[in-house]
Amino acid sequence: MAITAGVAPLLFVQILYREGFYTANLLLGPRWMAIVPALIIGFYLLYLAKTDRVRAARWLAVTVSAVAVGCFVFVGYSFTENHLLSVAPSAWAGFYGDGSIAYLVPAAAPRYAMFFLGAFPTLAVGLGWQLRGEPSVHRAVAHLGIGSLAASAAALAVWLLTLPDGHRDHVLGTAGGVWLGLAVAGGVLQAIAWAMSRGGITRVGLLLATAGLTATLLGMTCVREVVRLASVDIAAMAQQHAHSARSGGLLLFLVFLVVNGGLIAWAIAQARKATPVPPG
Amino acid sequence: MELTYFPIHDYGPVMKGMVIGGVGIFHVFLAQFAIGGGMVMAWLQWSAMRTKDPQVTADIRTFLDGYFKILVLVSFVLGALTGVAMWFTSIQVSPRTIGSMLDAFHWLWAIEWTFFSLEIVAGYVFYRYGPRLPDATRLALLGLYSIASWFSLFWINGILSWQLTPGAWQGPEDVWVGFFNASFWPSLFFRTVVCLTLGALAVCVVVNTMDVAEARRRDLIRRASTLLTPMAIMPALGAWFLAVIPDDSRSWVLGGSPTMTNFLAIAVGASTLIGLYAVAMRFRRNLTLNIATSALLVALAFGATAGGEFVREGVRKPYTVRNHLYSNSITPGEIARLRARGSVTADPYPLSDPERYPNDQVRLGAKVYRFQCSVCHTQTGVNGLTHVAGSWTSEQKRLNFSHLQQTRGFMPPFAGNAEELEALVQFTEWLAADEPAQWPLSQDPATTAQIEAWLVDSGTQRGGH
């Protein structure tokens, strides 16, 4: 589902920021394409990690899990690197001429740290819903939520401080201020929810954490785009955007989005009809 | 749309078509297997609900709950990932082509994404909860999976077939004209039959690994192999496809291009063998598909898929979008302008290895090769410049390059000025001479004038067949 969900943004980034995205893909070349085998290896290792044979041997379980995590960390970093190169057109010709395969710039570390650490509050919410029937782990999940929020907030501060002045002004100004505020408010909401949940996760607490997470994700997505828009010459893309906008099918897309969304909800609801697994 | 220069990679002796072809064939085979596998399983589930024999019902359930796990693992993970790989590979090989496909059809691609999401969810719910669900729900989920995956094919097929037969399509506003193009329906029906065939054959392989009595195994195989029956209409669908594709494309697969004819023969031959075995099974009741036979037929089906996909890609030459975009990412309307100003004059990307070349003229030739030729040719490897033009005399090269579209009907017109053409001639001869450290400049004004005359004579339009 993660890969499938990623296809939609991948589709529209090619419409909105084509030259930058394609150029970064091409410049990084085989090094960028390595994310595909890394994803294949990572996902299959996760399946492998669930097998009885691997679970029985602790060293094997740790090794398999560590390699899988390594694959996903590499993929995440590659996206950060690709994005930073895509918004640096002045670096393209030199990068190509040098035959480089890695775009190592100081901006990569704080940016990747922020998005990497930002994944853990999402994990905490997911675990909270999945494990809400198991009180013994509630405290650990709440601590994961609070701890990762604190780490994410610190990474966000470092990222903001290391942004070029012009970009930071956009994030803190009219264009990005509202979205940054939404993201921070979402974070505060999550922190309150997890603080409430240390004694035990409740439905209300989880709903609060989920609402906060949604606000943070929405806010940070927009903040990220504000930075991108400050980096690219959007006026130069106007002609291509106008050309693409002439394509029909939007109405039909909305119809199928609703219909297929309903069928997806129906399919998920069928899981409830399953007879329970016998104990033991 | 303004011409955009992208950085171009060199894969040494490997042709870029081989890179995208390798990933593409693997992905298409996998994706069509996943669609057909879903259809066969829905059919078996329905079959299990109709039979009055509880043993058969139990066998089918056992099979579905075991086999489906393999199917979802393969199709969900590898199918989804090779799909992403296809996208990234397309960007590596021809960013302008994939960009054009998105410009024209991004909302249809987004529709396809909704169906793919439905396919994944329906499949996963069956995978995770199927064994504990009632029969009617199982059938509904498998039906949903099959329909969603088939519609995924429906949308992608329209976009792919548009590349070969765009018809009256002129731009993104003609989305439906382009989508329901001349080769849309024959291609869709043909692929649907291929999906059913792959699914049925794969089922036969897996059934042979089950620990059940011979008679029950034969019964399962016979039920699954019923879905090989639509293969009977494959020749008609193939003929329909050939009838609607452009005349020149048809002439290449029917003998005009030995390579394409051979690949078509592989596809037809392999499909015929599978079909003949399916027919034999219908008439000889004691004939069945053991694991060796069914595995061999799956391998033949892979060969047929590879041959078919090669032909489908090949018959588009010299275009990636017929009449709109040449294989080297230059539009027909840009040829005249590039001949006037030079094709690489505005290319911002330097050579990554300028010290390799003996002088600026050969360097210019290398840039022209990179921009105009390298998508289909290598320097000295597969389909290398030295192989296709190395034995020509200098005069022959100048004449043939300037009349490229007439020299070979599946080549685009040369899109540069006379200086660039001469530089490409010198680059090719330098390569053929084994890259000596010293190479004389070719700067005879009479030669330049002759090339200019030939370029005018050849015109900027596409050549004959």
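Into which domains is chain A divided?

## Domains and confidence

Chain A is divided into domain 1, residues 1-104, and domain 2, residues 106-238. The C-alpha centres of these two domains of chain A lie 21 Å apart.

The model is predicted. Chain A has an average pLDDT of 91, and 99% of its residues score at least 70. Among the elements of chain A, helix α13 (residues 250-270) has the highest mean pLDDT, 96. The lowest mean, 83, belongs to helix α12 (residues 238-245) of chain A.

## Between the two domains of chain A

Domain 1 of chain A and domain 2 of chain A bury about 1,100 Å² between them. Of this area, 69% is on carbon and sulfur atoms. The count of salt bridges between domain 1 and domain 2 of chain A is 0, while 2 residue pairs are in polar contact across this interface, both residues of a pair being at pLDDT 80 or more.

On the side of domain 1 of chain A that touches domain 2 of chain A, the elements that give two or more residues are α1 (2-16) and α5 (58-86) of chain A. Helix α5(A) gives the most to this side, with 7 residues. The residues on this side of domain 1 of chain A divide into 8 nonpolar, 3 polar and no charged.

## Between chain A and chain B

In the interface of the two chains, 59 residues of chain A are in contact with 62 residues of chain B. Chain A and chain B bury about 5,900 Å² between them, with 76% of it on carbon and sulfur atoms.

How many salt bridges are counted between chain A and chain B? The count is 2. One salt bridge is formed by R246(A) with E173(B), where the closest N and O atoms are 2.7 Å apart.

## The side of chain A that touches chain B

The elements that give two or more residues to this side of chain A are α1, α2 (18-33), α3 (35-49), α6 (92-98), α12 and α13 of chain A. Which element gives the most to the side of chain A that touches chain B? Helix α13(A) does, with 12 residues. The residues on the side of chain A that touches chain B divide into 39 nonpolar, 16 polar and 4 charged.

Terms used. Residues are numbered from 1 along each chain as its sequence is written. Chains are lettered from A and ligands numbered from 1 in the order in which they are written. This is a predicted model: local features need pLDDT of at least 70, side-chain atom pairs count only at pLDDT 80 or more; totals for chains, interfaces and linings use all residues. Side-chain values use heavy atoms; hydrogens and water are left out. pLDDT is the predictor's confidence in each residue, from 0 to 100. Helices (H or I, at least four residues) and strands (E, at least two) are DSSP runs, numbered from the N terminus. Domain bounds come from an automatic or database domain assignment. Buried area is the accessible area (1.4 Å probe) that two parts lose on being put together, summed over both. A salt bridge is a side-chain nitrogen of Lys or Arg within 4 Å of a carboxyl oxygen of Asp or Glu. A polar contact is a pair of N or O atoms within 3.5 Å; within protein, one must be able to donate a hydrogen and the other to accept it, and residues adjacent in sequence count only if both atoms are side-chain atoms. Ala, Val, Leu, Ile, Met, Phe, Trp, Tyr, Cys and Pro count as nonpolar, Asp, Glu, Lys and Arg as charged, and the others, Gly among them, as polar. Contact means heavy atoms within 4.5 Å.
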